[in-house]
Amino acid sequence: MSRGRVVVTGASGFTGLHACAHLAALGYDVTAVLRRPGSAARIAAEAAAAGHGVIRERALDLSDRSAVLELLEQEKPDGLLHLAGLNAVGPSWQQPITYMQLNVMSTLYLLDGLRQLGLTGCRTLIVGSMLGCRLRDDETPKPPHPYSLSKTLQALTAAAWGQLFGLHVSLALPSNLIGPGASNGICGLIGAHIAGWERAGEGAPFRLSSLAEARDFVDVRDAVRAYGLILEQGEPGVSYPIGSGRLRTLGEIARQFEQAAQTPVSWRIGMEEGSASQPIRLTELSGETADALKAAGASAVNMAPMRALGWEPVIAFGQSVADILGYHRTAAALDS
């Protein structure tokens, strides 16, 4: 018996495919909202074969307000997981209005559709970003880029809409998501680079902005498990940061990929061309530069809200790296 119906937007994306599969495994019937029909066909077939909840595709442009309202009227969902949107920093400088339309207005179309239809009991989770800027009463917001501004406004308006109109709206703030699948994150790019280099027998060095830059990474499979818990147990108006609680330098990540690949990789360090960015091998590093390959320590992600729901990340970083490489090696073999 189905545990209810959940609408997942952005269902054809890296996180969306994992989320649909996880929610179906929990027993939900999932409406996978996407732009490209057929993108979720594989996971729908796997869910059916395993006797999980049904995954049905629904092609939809979330910038079409009337189409969004029609979707909600037909589905009358028990839950809504909103993952869709633009998430690349660079293009946001050239298309700032498009980012506002797709990240902010599409969110409001969904929430206002719930309001108009009286679906106030629909448990809604808006997935934001830790790249949003913090809003304080005593200073002017200073987002580093238009993408950050769009995610800041998305979180602010989603929380306010929920409070104003009595909707059950929670917010998830994931750190950098990694794991098997087509991802444009740094780990996904490194995995694709190594797999392509192995297949071709040669390749250009992979460029890292630095070795010392540190970030929090969490496996996407752990993240979607957190999303499921928030949909079921989360409180309205609460933001739930999701991360590993540990910082890793880009140097440490590069070393992890070399260990998983069992082969040395050529790297360029720094974004500027010239002598300072000549190809290097990690085994050649020494002194303070080599220290960048070590763990950076605890991150600033507040794990308390998710721990209160009984969630902890369980997939080891090394396992994530191995699975990323496995995914891209398979993809490279199929493309050849």
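Strands here are DSSP E runs of at least two residues and helices are H or I runs of at least four, numbered from the N terminus. The model is a predicted one, so local features need pLDDT of at least 70 and side-chain atom pairs pLDDT 80 or more, while totals for chains, interfaces and linings use all residues. Residues are numbered from 1 along each chain as its sequence is written, and side-chain values use heavy atoms, leaving out hydrogens and water.

On one side, β2 pairs with β1 in the parallel sense over five bridges (pairing takes at least two DSSP bridges), and V7 sits opposite T31. Another five bridges join β2 to the parallel strand β3, residues 55–59, where R56 is the bridge partner of T31. The chain gets from β2 to β3 by way of α2, and this crossover is right-handed too.

Then there are the nonpolar cores, sets of buried Ala, Val, Leu, Ile, Met, Phe, Trp, Tyr and Cys residues joined through side-chain atoms within 4.5 Å. The largest has 39 residues, and V8, I55, L81, Y227 and I242 touch the most other members. A second, separate core of 21 residues includes V7, L60, L71 and C122.

Conventions
Buried < 20%, exposed > 50% of the residue type's maximum accessible area, 1.4 Å probe, protein only. Right-handed = clockwise from strand over helix to strand, strands pointing away.
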